[in-house]
Amino acid sequence: MAVELNPQQFLKLTQSDFVLVDFWAAWCVPCQKMTPILLACERELPQLKVGRLNVDQYPHLTQKLGVQGLPTLILFKHGEPVSWVTGFQPKDRLLGYLRQKVAL
């Protein structure tokens with residue numbers, strides 16, 4: 001299950017091999033539609049961890065990473081952002097994208 005992150009949890013979790021962080025807001029309808037898709041990706045890609053960071057609660061972290069649109073998904077490997085996508089992503093497209101990136 002995707003973990004709701006605070007800045008400390010974010011720093012700890014993103015040190016793992018592959019972590020997808022969903023930058024979202026409660027008022028963002030596309031963000032809400034992404035939730036079941038992210039859960040499905042997490043089930044289908046066991047090597048992937050998924051976390052969610054509320055941009056309204058932690059705007060300083062959002063700005064530091066250059067997040068400008070919602071939802072934004074950033075894939076981290078060992079603490080470094082390696083790839084990101086912005087906007088709603090259908091399940092098949094996101095799974096294909098993640099499978100390609102996690103295979104690196």
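This is a predicted model: local features need pLDDT of at least 70, side-chain atom pairs count only at pLDDT 80 or more; totals for chains, interfaces and linings use all residues.

Student: OK, and where does H2 bend?

Tutor: At Thr35, by about 30°. A proline, Pro36, follows within four residues.

Student: Which residues of H2 are buried?

Tutor: Cys31, Met34, Ile37, Leu38, Ala40, Cys41 and Glu42.

Student: Let me pick one of them. What is Leu38 in contact with, leaving aside its neighbours within four places in sequence?

Tutor: Leu20, Asp22, Val50, Leu73 and Leu94.

Student: Which residues touch the most other members in the largest nonpolar core?

Tutor: That core has 18 residues, and the ones touching the most other members are Leu20, Leu38, Leu48, Leu73, Leu94 and Leu98. H2, E4 and H4 each supply at least two residues of this core, and H4 gives the most, with five. Apart from it lies another core, of 17 residues, with Phe10, Leu13, Cys31 and Phe76 among them.

Student: Switching topic: Arg52 in strand E3. Buried or exposed?

Tutor: Arg52 counts as buried, because its relative accessibility is 10% and the cut-off for buried is under 20%.

Student: So what does the Arg52 side chain make a polar contact with?

Tutor: With the side chain of Glu4, at 3.0 Å. Beyond its neighbours within four places in sequence, Arg52 is in contact with several residues, including Asp22, Trp24, and Cys31 and Thr35.

Student: Last one, Gln89. Where is it found?

Tutor: In the loop between strand E5 (80-86) and helix H4 (91-102). Gln89 is buried too, with a relative accessible area of 9%.

Student: What does the side chain of Gln89 reach?

Tutor: The backbone oxygen of Gly87, at 3.3 Å. The Gln89 side chain also makes a polar contact with the side chain of Arg93, at 3.5 Å.

Student: And which residues is Gln89 in contact with, leaving aside those within four places in sequence?

Tutor: Met34, Ile37, Leu73 and Leu94. You've met Met34 and Ile37 already, as buried residues of H2.

Methods:
Residues are numbered from 1 along each chain as its sequence is written. Side-chain values use heavy atoms; hydrogens and water are left out. Buried means under 20% relative accessible area, exposed over 50%, partly exposed in between (1.4 Å probe, protein chains only). A polar contact is a pair of N or O atoms within 3.5 Å; within protein, one must be able to donate a hydrogen and the other to accept it, and residues adjacent in sequence count only if both atoms are side-chain atoms. Contact means heavy atoms within 4.5 Å. The bend at a residue is the angle between axes fitted to the seven residues ending there and the seven starting there. A nonpolar core is a set of buried Ala, Val, Leu, Ile, Met, Phe, Trp, Tyr and Cys residues joined through side-chain atoms within 4.5 Å.
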